[in-house]
Amino acid sequence: MTFKKTSSGYTGQVSRLRGDEGDIPLTEIKLNSNQITAIASVETPNGTIEVKYQLTLRGDSLAGKGLVDFGGQTFELAYDLKRGTSGAGSATDRPSQAGPQQRPTVPQPQQKQSAQYFVGRWTFNWLARESPLGPSGPVDGSITYTLAPDQKNLQCQIEGKSEAGSIHGSARITFDETSRTLAYDERLSNGIEIKSVGDWSSPISIRFKVEPIKIAGQTLNLRRTISIISAFSYKVTEELSTNGGAYVRLGQGLFTKADSGIQK
């Protein structure tokens, strides 16, 4: 984070998790004794997400939290910052050093790629547009993954409710540890079958190649990405193309682990 004192108050910015994406301006910066509050607004495909910072300045340390409200879930980010410039004065009134500064490498989430990650019961909230694959509207439900004795195959059961009624689905997932791929065979509640293979070579995302889906004379091409947020949370984003047309956002859901499913 960088703060600067101006004649009318304070300005500032915070680096993104990925250094090549630039910085995010801080707004509504307020300093009360050693307490600092500020807001960062991040534009996403689903709208603007705000991070509200509550930080405490002690000597050369600035520590506290950032609160994020996303998809009805509140997430807390922990911050423990050290002063990056030398000389006297506070972090808010010290002039920055001349010339560009080297951005430190920010560690990314390092979730181990393993079928064990999914085992258990997860709750989710899914929002989708109407398509040949299903109706529009929000869906609240749960998905349960059960690991087979071979430690490679997962059985998956989906239960949910929408304005259109109850939703049921199932899937069989095979994880190849050597290639770090997931073979995903699923059956929707309306009987549609979807086959895909996910590339889990990155610890932070699984990108799927989905076989074309034939429905009522139409050819549907589906894009699906699972973003690994933490050991207890992941996000699924889907895009759909009909008969070779442009891809449009189909749906997005946030999944939160409710039960590990491990017998003690």
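Select strand S11, residues 165–176, which gives five residues to the lining of the second largest pocket, the most of any contributor. Strands here are DSSP runs (E, at least two residues), numbered from the N terminus, and helices would be runs of H or I of at least four residues. The model is predicted, so local features need pLDDT of at least 70 and side-chain atom pairs count only at pLDDT 80 or more, while totals for chains, interfaces and linings use all residues. Residues are numbered from 1 along each chain as its sequence is written, and side-chain values use heavy atoms, with hydrogens and water left out.

**The second largest pocket**

This pocket has a volume of about 740 Å³. Of its 34 lining residues, select the closest to its centre: Trp126, Ile158, Ile167, Leu188 and Glu238. A pocket is an open set of points on a 1 Å grid over the protein atoms alone, with protein on both sides within 12 Å along at least five of seven lines; a cavity is a set where a 1.4 Å probe fits but cannot get out, and lining residues have an atom within 4 Å of a point. Grid points are joined across faces, edges and corners, and a volume is the space filled by probe spheres set on the points.

Next, colour the strands that each supply at least two lining residues: S8 (120–128), S9, S10, S11, S12 (181–187), S16 (218–230), S17 (233–242) and S18. The lining divides into 20 nonpolar, 10 polar and four charged residues. Nonpolar covers Ala, Val, Leu, Ile, Met, Phe, Trp, Tyr, Cys and Pro; charged covers Asp, Glu, Lys and Arg; the others, Gly among them, are polar.

Display S9 (residues 137–147) beside S10 (residues 153–162): the two pair in the antiparallel sense over eight bridges. Pairing requires that DSSP finds at least two bridges between two strands. Leu147 has Leu154 of S10 as its bridge partner. Five residues lie between S9 and S10 in their hairpin, and Gln151 in the turn has a positive phi of about 65 degrees.

Continue from S10 to S11, which pair in the antiparallel sense over 10 bridges. Here Glu159 is bridged to His168 of S11, and a hairpin of two residues joins the strands.

**Asn153**

Now select Asn153, which belongs to S10. Is Asn153 buried or exposed? Asn153 counts as buried because its relative accessibility is 13%, the limits being under 20% relative accessible area for buried, over 50% for exposed and partly exposed in between (1.4 Å probe, protein chains only). Its side chain makes a polar contact of 2.6 Å with that of Thr174. A polar contact is a pair of N or O atoms within 3.5 Å; within protein, one must be able to donate a hydrogen and the other to accept it, and residues adjacent in sequence count only if both atoms are side-chain atoms.

**The cavity**

Show Phe118, Tyr145, Leu154, Ile173, Leu182, Tyr184 and Ile226, which line the largest cavity. Its volume is about 30 Å³, and its lining has seven nonpolar, no polar and no charged residues.

**Leu254 and the whole protein**

Finally, go to Leu254 in S18 (residues 248–259). Leu254 is buried because its relative accessible area is 7%. The C-alpha atoms of Leu254 and Phe124 are separated by 5.5 Å, although these residues are 130 apart along the chain. Zoom out to view the protein, which has zero helices and 18 strands. Buried residues make up 34% of its 264 residues.
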